[in-house]
Structures are given as structure tokens and as C-alpha cells.
Amino acid sequence: MVKHLLIFLFAAFLVLVSTAEQKDCTFPRYKSNDKRKKGEDQIELLKGRRYQFEDKYYKYHVGICTDAMDPYPEDKKDVWTDAAVIQINKTNSEDAHVIGKITEADIIAGPDWVMLEYNNGEKYGTHCEGQDGNNENRRAKIMFICDHTVDDGEPYIIEEQNGKTESCYYLFGFDTQVVCKTTTPKVTVKSGLSVGSVLLIVFVCVAGVYLLAGLLYNRFVVHAKGIEQIPNLSFWRDFGNLQADGCDLVCRSGRSREPRTYKGIGDDQLGEDEPITSDEHLLPM
Ligand SMILES: *[C@@H]1O[C@H](CO)[C@@H](O)[C@H](O)[C@H]1NC(C)=O
């Protein structure tokens, strides 16, 4: 009894700890919660996930309403607090930037897509000077797009738009069936075999077993030799003959040649001994 209680307490403690650790997006720019609720509900299943991927020059760490990394490197703990997207130069890990924060999120939702934005990343150095001449903060947009063929999916970089004077952004794509309006028509990868091919396989198997068993029986029990080992040989011979007869009847055109009622040029030279053509009597004598 005490043991059970202890286990229960331990489990409760674990749950408490893990939920306490779980951060979430905060949306400081919304006046009411229900405006963004729909989008949040649509990506609910992906919340708390972390992803890592790279393009040619950079490695990206992305968290969906959670820290981009867990844990952070010791020396980055302070700088990267609440970072949702981190970009790291592949050849120089010191060259790293926070692209956006989970404490500065925005969300827009359509019927089968959601755009999650993380704002207030590190300032651009030389790009995107903004209206007031101060360089802008980096920000990330993650575009969740319904794709029934992808179970959970993962983010990928679409573009780093820093060729503008303001409103620069990093755009990520995220194809997933999670944001689809209905998840029912999910296209499972076709199992590959149609009814026809299953029947064919069954037929081939049965035929193979029949042939093998018959062969073994004829060879070792009946002590047949050569072609006589084929099971039910006489039946199959008859069967073949029957088929041939049937085919003969249906496929062959038969021997009844119509007599030729005309004469072609050169027929004379062929030396054919044809009788007088039948329309001869029509000619006036
Ligand atoms: C990454 O870091 C290397 C070494 O510091 C630098 O030469 C390179 O330009 C950086 N790459 C990008 C894309 O900034």
C-alpha cells in the first residue's frame, strides 16, 4: 500500500516537474485570447516539439512554442533564453543568432494552414535598416501547410528574406497533416497489391504446390521417370488437346475457300488452269 502511494507521489512529482518545464508561446500583441486560439488549436499536437535541420551555410534549431534547444550550451543560457529559432553558421558555431522568441509570437490561421511568427530576434547587422535607420530585429515565420501525405512533418527553410529595407524575415515551411481541416482523408501509402495481383499470387502458389507435391509423389511413390513425373499427365494432355481443338474451331478460318470470280492481270502467266470464269455466260454470243 505504502509502495503504491510512493509510486503515485513520484509520478505526480514527475508530471509537475515536466509541466513546469514546458514553456509555451506568449502573444503579447493580442488584445483577447480567442483571436489566436484557432491557430493555436490547429498546431496543438506539434507544440513542445524541437527540430534541427540545415541548409548550405547554416544549422537551424526550431522549437514549436518551446525553446529551440534543451538544454542550451552553458555559455549561451542567458543570450538564448526563450529563443524559438536559432541559426548557427556551420563553419563557425560562434557565429549564431536568435531569429525569434516564443515570448513574442504571432499566429494567423486559415482553413488548412497556420502561420506562426516569432519576433524580436537579434538585430540585423547590415541588412534591413528599418524606417528609423535602426536595424530591425530578426524574425521567423513558420508556415504550416496541410499535407495529407505527411504524418507529423518537420520544418525546412524556404528563404531568408533580408534584401528589403524593412520587414525582413526568415521563412520556414512545415508540411504536415496536423493542420488539415479534417485528418480523415489521409492518404496512406498504397499497400501495393490489388485484388487481382493477390489472386494471381495465390494461384501461382497453389499451382506451384500442386506441381511440386505431384512431382514428389510420382517420383518417390509411383517411381515414375522423366516426363511421366508430371502430376495427372494424361489429364493435362487431354486438357491440352481439348484446348487445341477449341482453338481450332474458333480461331482458324477453315478450308472453305471462295472460288475466285475475277481474273487478275498476269494470272495467265501463272499458268493456273482455271476453268472458264462463271460470268462468261453473261456475255452476248
Ligand atoms: C560562417 O563563418 C565563417 C567563418 O567565420 C565565415 O567565413 C562565413 O562567411 C560565415 N558564413 C556565413 C554564411 O555567414
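**Fold, cores and ligand surroundings of the predicted chain**

Among contacts in the chain (heavy atoms within 4.5 Å) between residues at least 6 apart in sequence, 52% join residues at least 24 apart. The model is predicted, so local features need pLDDT of at least 70 and side-chain atom pairs count only at pLDDT 80 or more, whereas totals for chains, interfaces and linings use all residues. Residues are numbered from 1 along each chain as its sequence is written, and side-chain values use heavy atoms, with hydrogens and water left out.

The chain holds four helices and eight strands, where helices (H or I, at least four residues) and strands (E, at least two) are DSSP runs numbered from the N terminus. Their order from the N terminus is α-α-β-β-β-β-β-β-β-β-α-α. Of the 285 residues of the chain, 30% are buried; buried means under 20% relative accessible area, exposed over 50%, and partly exposed in between, with a 1.4 Å probe and protein chains only. The accessible surface of the chain is about 20100 Å², and 59% of it belongs to carbon and sulfur atoms. Such areas come from the Shrake-Rupley method with a 1.4 Å probe, and for residues only the protein chains shown count as cover.

Next comes the interior. A nonpolar core is a set of buried Ala, Val, Leu, Ile, Met, Phe, Trp, Tyr and Cys residues joined through side-chain atoms within 4.5 Å. The largest one has 31 residues, of which Ile64, Leu116, Tyr118, Ile142, Phe144 and Phe172 touch the most other members. Two or more residues of this core come from each of β1 (50-54), β2 (58-63), β3 (83-89), β4 (92-109), β5 (113-120), β6 (140-146) and β8 (169-176). Strand β4 gives the largest share, four residues. Another core, of nine residues, lies apart from it and includes Tyr72, Ile86, Ile88 and Ala96.

Glu40 sits in helix α2 (residues 34-42) and is buried, with a relative accessible area of 7%. Leaving aside residues up to four places away in sequence, Glu40 touches Asp24, Phe27, Lys47 and Ile107. Tyr30 belongs to the loop between α1 (2-21) and α2 and is partly exposed, at 25% relative accessibility. The side chain of Tyr30 reaches the backbone oxygen of Ile107 at 2.6 Å. Tyr30 and Asp106 are 76 residues apart along the chain, yet their C-alpha atoms are separated by 8.2 Å.

The ligand is surrounded by Tyr57, Tyr58, Asn89, Thr91, Asn92 and Asp95, each with a heavy atom within 4 Å of the ligand. By class, this shell has two nonpolar, three polar and one charged residues. Here Ala, Val, Leu, Ile, Met, Phe, Trp, Tyr, Cys and Pro count as nonpolar, Asp, Glu, Lys and Arg as charged, and the others, Gly among them, as polar. Oxygen atoms of the ligand lie 2.2 Å from a polar side-chain atom of Asn89, 3.2 Å from an N or O atom in the side chain of Asn92 and 3.4 Å from one in the side chain of Tyr58. Taken alone the ligand exposes 360 Å², and the protein buries 46% of that.

Asp95, a member of this shell, is in strand β4 and is partly exposed, at 28% relative accessibility. Asp95 touches Gln87, Ile88 and Asn89, not counting residues up to four places away in sequence. The side chains of Asp95 and Asn89 are joined by a polar contact of 2.8 Å. A polar contact is a pair of N or O atoms within 3.5 Å; within protein, one must be able to donate a hydrogen and the other to accept it, and residues adjacent in sequence count only if both atoms are side-chain atoms.
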